[in-house]
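This report walks through one structure, beginning with a helix and moving on to the spaces beside it. The sequence and the model are shown first.

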Amino acid sequence: MSSSAPPAASFPTSQPPRLFTYPISHSFHPPHSNNFRHIHTLHSVSNPNTPIAHIDTTNNENNLVNSTTESIALEQQVEEDEEESRRGNKEQRRVVKIAWEKLVRWSRSLRSKAKTDVLERTKKVVVLGGGSFGTAMAAHVAGRKVQLEVNMLVRDPKICQSINEKHFNCKYFPEYKLPENVIATTDAKTALLGADFCLHAVPVQFSSLFLEGVADYVDPGLPFISLSKGLELNTFRVMSQIIPQALKNPRQPYIVLSGPSFASELMNKLPTAMVVASKDKKLANEVQQLLASKNLRISTSSDVTGVEIAGALKNVLAIAAGIVEGMNLGNNSMAALVAQGCSEIRWLATKMGAKSTTITGLSGTGDIMLTCFVNLSRNRTVGVRLGSGERLDDILSSMNQVAEGVSTAGAVIALAQKYNVKMPVLTAVARIIDNELTPQKAVLELMNLPQVEEV
């Protein structure tokens with residue numbers, strides 16, 4: 001074998017090779033070297049005696065050794081990384097455990113100091129209105145203490161009889177048995193006499209006239225807890241204005257209760273969180289004591305305006321969300337619309353003196369999410385049916401409960417004009433409800449609004 005390097009690969013010029021045979025390996029000593037080089041010779045299939053290429057695989061073998069070494073090193077590094085990750089996860093779990101234990105200790109410490117004197121001294125609570133939410137809150141309060149008398153003032157004699165004789169609200173909750181300490185009456189004087197707290201659950205549009213009719217039986221110091229959400233037509237008043245004016249007592253104690261809460265889930269004792277807001281901090285704390293239970297968390301706030309405006313406007317936004325669902329516009333549209341609606345509510349509420357933190361809290365964003373995204377929402381249902389092409393009159397005539405957003409929409413826009421706030425989404429809803437704009441046209445106009453900076 002020649003000691004010179006093998007010739008470079010060459011091909012006959014007349015005809016290129018068709019296939020290669022398996023290589024034949026030769027060993028070759030380069031000059032002045034003790035190392036072997038491994039040469040593989042490839043032959044043409046058409047002419048087996050003619051070598052066509054010589055391939056030096058020495059570097060490949062060296063690369064294989066290097067690759068094996070690198071693989072071992074990599075495996076070791078992976079094992080070290082996994083061990084470090086396990087140590088990190090263990091430390092992370094320890095930190096989380098400590099944080100949770102601190103939270104539990106803090107909670108237990110505060111609970112041990114919590115006052116219960118309000119519930120202990122409360123003997124009678126009256127609920128004005130026999131609708132679904134009024135019934136649910138009556139059942140909840142009655143469950144707080146067996147000795148507590150809960151009177152429901154209702155209009156319908158059949159509902160009154162059903163509650164007293166069978167312990168069911170035959171119209172709104174025929175499948176839920178009410179506590180036996182819930183008593184119904186159609187007599188305002190009987191219901192209000194000796195009450196320690198009053199839960200007002202009459203729809204906003206009927207509240208003023210109703211309260212004027214029972215004002216003679218209302219104690220001037222009786223705290224009113226409003227469950228009603230919305231704005232009064234023509235006057236644009238909220239319940240904190242309606243109640244004292246209708247009772248002719250500007251000092252009537254007032255609290256608003258709001259937050260993400262469906263009546264049926266309260267009846268099922270599912271975990272719920274709400275907010276009570278009052279300008280009187282002591283009164284808010286007392287109502288918190290009265291209502292808070294293992295199933296119902298109650299936070300307190302002093303921002304009455306923020307809680308009431310968020311509770312009123314979210315119903316209009318829920319109609320818009322329902323329209324998007326009814327038109328099958330997709331999830332992107334839904335998210336964009338609700339986000340825009342939240343901004344519009346914040347713009348108006350803060351102009352009216354509300355805190356922006358209230359709008360992002362339970363009574364704002366919390367209630368908005370529930371009302372806009374869940375099928376149990378009456379206002380959302382109205383929107384879905386509008387988006388599907390139904391007429392508003394047909395929708396409302398088929399419902400046995402009030403969708404406050406329908407009557408509130410126009411008042412919201414008038415209020416927005418008063419405070420010089422632009423509200424494209426909520427204005428579109430008001431126009432659709434007034435039958436002056438179709439849902440399809442509204443979507444087109446909203447999508448063609450100027451591209452602006454987000455605020």
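## Helix 10

Helix 10, which covers residues 304-326, has 23 residues and reaches 34 Å from its first C-alpha to its last, close to the 33 Å expected at 1.5 Å a residue, where the expected span is 1.5 Å times one less than the number of residues. Helices here are DSSP runs of H or I with at least four residues, strands are runs of E with at least two, and both are numbered from the N terminus. The model is a predicted one, in which local features need pLDDT of at least 70 and side-chain atom pairs count only at pLDDT 80 or more, whereas totals for chains, interfaces and linings use all residues. Residues are numbered from 1 along each chain as its sequence is written, and side-chain values use heavy atoms, with hydrogens and water left out.

After helix 10 comes Asn328, whose phi is positive, near 55°.

## The largest cavity

The whole structure holds 1 cavity of 30 Å³ or more; on a 1 Å grid over the protein atoms alone, a cavity is a set of points where a 1.4 Å probe fits but cannot get out, and lining residues have an atom within 4 Å of a point. The largest cavity has about 60 Å³ of space, a volume being the space filled by probe spheres set on grid points that are joined across faces, edges and corners.

Helix 10 gives the most to the lining of this largest cavity, with 4 residues, and strand 9 (254-258) also supplies at least two. Among the lining residues are Tyr254, Val307, Glu308, Gly311 and Ala312.

## The second largest pocket

The second largest pocket has a volume of about 1,200 Å³, a pocket being an open set of points with protein on both sides within 12 Å along at least five of seven lines. Its lining counts 34 residues, of which Gln340, Pro424, Val425, Leu446 and Leu449 are the closest to its centre.

## Cysteines

A search of the whole structure finds 0 disulfides, a disulfide being a pair of cysteine sulfur atoms within 2.5 Å. For Cys342, the nearest cysteine sulfur, that of Cys372, is 7.0 Å away.
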